[in-house]
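Subject: Structure handover

Hello,

Here is the structure I said I would pass on. My notes on what was found in it come after it.

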Amino acid sequence: MSSDGTDVRVDYTRVFTQAIDRLHAEGRYRVFIDILRNKGMFPNARCFAGHNGPKPITVWCSNDYLAMGQHPKVIEAMEEALHDVGAGSGGTRNIGGNTHYHIDLEHELADLHGKESALLFTSGYVSNEATLSTLAKILPGCVIFSDELNHASMIAGIRNSGCEKRIFRHNDLAHLEELLAAEDPSVPKLIAFESVYSMEADIAPIAAICDLADKYNALTYLDEVHAVGMYGARGGGISEQEGVADRLTIIEGTLGKAFGVMGGYIAADQTIVDVIRSYAPGFIFTTSLSPVLVAGVLASVRHLKSSSVEREGQQASATLLKTMLDDAGLPVMMGDTHIVPIMVGDPVKAKRISDILLAEYGVYVQPINYPTVPRGSERLRFTPGPSHTPVMMRELTDALVEIWSRLELRKAA
């Protein structure tokens, strides 16, 4: 009570309810669909949401881009590890959680990128946040130059570092050089960017950014999470495909997308990796990945180093789907990557399309809304893989054409 008898206590429930109500009003409340994948039959799955028993669906938005989470070698390796060492890791890497599986995988990842060393994290988000925040703290007065479309985990790492940052327009080399040139030459600099931008389906000019880094004495940090496993002769990403991996200071990747399991990592020279290992709280104080997961990733990485069948199948699927959608007059965002976004431009409509696809056509794709993408650029994001057939693509295209007509949505110009 206040001095005049008025009840001034905070109504916590009301505050939390209003926060959720705002998301509903803006059409961007997130619904997590209740599904189970069918082992060995991806992209087929079962949906349990709003049905009397599971309903068969086709998954079109998985980041398990190459279906390696279903690969017999991966499953067998995980089963063997489970029966060999048990389920959990036992603790942090420093206290009980460092296993031979972890050491082997780090060697394989360093080799994948042609680097001296690598370091495992529990997720790609953690590897970005922990590495970027730690690096900038170690470098006195560091300024980070960040592409405006960098992932939230990179933004969090830069913010948590407490350092100065400069945001350059997406893939705009002239703007990046303008910002670099304006900085004190004696100040440590780090350029942070991605290879494949998963919402735009475009690729960074890596070699040209490395040229600017050389010119202005800057370190480079490349996020390859949407490219590792899928590009390059051995799956080293766009940097391998373009022959520039050796020019990059740090390459960061994920183990939960093309490699099909879970985790994140960085690859760099031994000293930088040792610094992150020794100083990053996000590494030091986190229980390490289960050996079962690491064993699965290890099998996946080794397989994709020698097999291009999955990569070739994925690229063929992406090309075919883009062609079908474009020929149908749908507003597909054409690009050079495996990601196939369709622009909607409205969060409510994007959710409505997603709901109709699932309920009436058995097609599962999540709407992508703010803050993942800017307001007004809401979209559907399809990730065709080597197991998506031409028949599935034709059915998807026909469904989208019908929905676009039903909802009177704008087609491509």
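Cys-163 is buried, at a relative accessible area of 17%, where buried means under 20% relative accessible area, exposed over 50% and partly exposed in between, with a 1.4 Å probe and protein chains only. The model is a predicted one, in which local features need pLDDT of at least 70 and side-chain atom pairs count only at pLDDT 80 or more, while totals for chains, interfaces and linings use all residues. Residues are numbered from 1 along each chain as its sequence is written, and side-chain values use heavy atoms, with hydrogens and water left out.

Cysteines

The closest cysteine sulfur to that of Cys-163 belongs to Cys-142, 5.1 Å away, which is too far for a bond. Cys-142 is also buried, because its relative accessibility is 3%. The structure has zero disulfides, a disulfide being a pair of cysteine sulfur atoms within 2.5 Å.

Cavities

How many cavities of 30 Å³ or more does a search of the whole structure find? There are two. A cavity is a set of points, on a 1 Å grid over the protein atoms alone, where a 1.4 Å probe fits but cannot get out; lining residues have an atom within 4 Å of a point. Grid points are joined across faces, edges and corners, and the volume is the space filled by probe spheres set on the points.

The largest cavity has a volume of about 90 Å³. Its lining includes Arg-93, His-102, Phe-121 and Phe-283. Strand E4 (117–121) and helix H10 (281–284) each give at least two residues to this lining; helices (H or I, at least four residues) and strands (E, at least two) are DSSP runs numbered from the N terminus. By class, the lining of the largest cavity has four nonpolar, six polar and one charged residues. Here Ala, Val, Leu, Ile, Met, Phe, Trp, Tyr, Cys and Pro count as nonpolar, Asp, Glu, Lys and Arg as charged, and the others, Gly among them, as polar.

The second largest cavity holds about 40 Å³ of space. Among the residues that line it are Phe-42, Trp-60, Cys-61, Asp-64 and His-388. Its lining has five nonpolar, four polar and one charged residues.

Backbone

Phe-42, part of the lining of the second largest cavity, is joined to Pro-43 by a cis peptide bond with omega of about 15 degrees. Pro-43 sits in the loop between strand E1 (35–37) and strand E2 (44–47). Another cis peptide bond joins Tyr-370 and Pro-371, with omega of about 10 degrees. Pro-371 is in the loop between strand E15 (367–368) and strand E16 (379–382).

Asn-217 is not a glycine, yet has a positive phi of about 55 degrees. Asn-217 lies in the loop between helix H7 (206–215) and strand E10 (219–223), and counts as exposed because its relative accessibility is 62%. Glu-408, also other than glycine, has a positive phi near 55 degrees. Glu-408 is in the segment after helix H14 (390–406) and is exposed, at 71%.

Thr-337

Is Thr-337 buried or exposed? Thr-337 is buried, with a relative accessible area of 1%. Thr-337 is in the loop between helix H12 (309–327) and strand E13 (340–343). Its side chain reaches the backbone nitrogen of Ile-339 at 3.3 Å. Beyond neighbours within four places in sequence, Thr-337 is in contact (heavy atoms within 4.5 Å) with residues including Val-196, Asp-202, Tyr-231 and Lys-322.

Regards

How values were computed. Polar contact = N/O pair within 3.5 Å; in protein donor to acceptor, adjacent residues only side chain to side chain. 1 Å grid on protein atoms, 1.4 Å probe; cavity = no way out; pocket = protein on both sides within 12 Å on 5 of 7 lines; lining within 4 Å.
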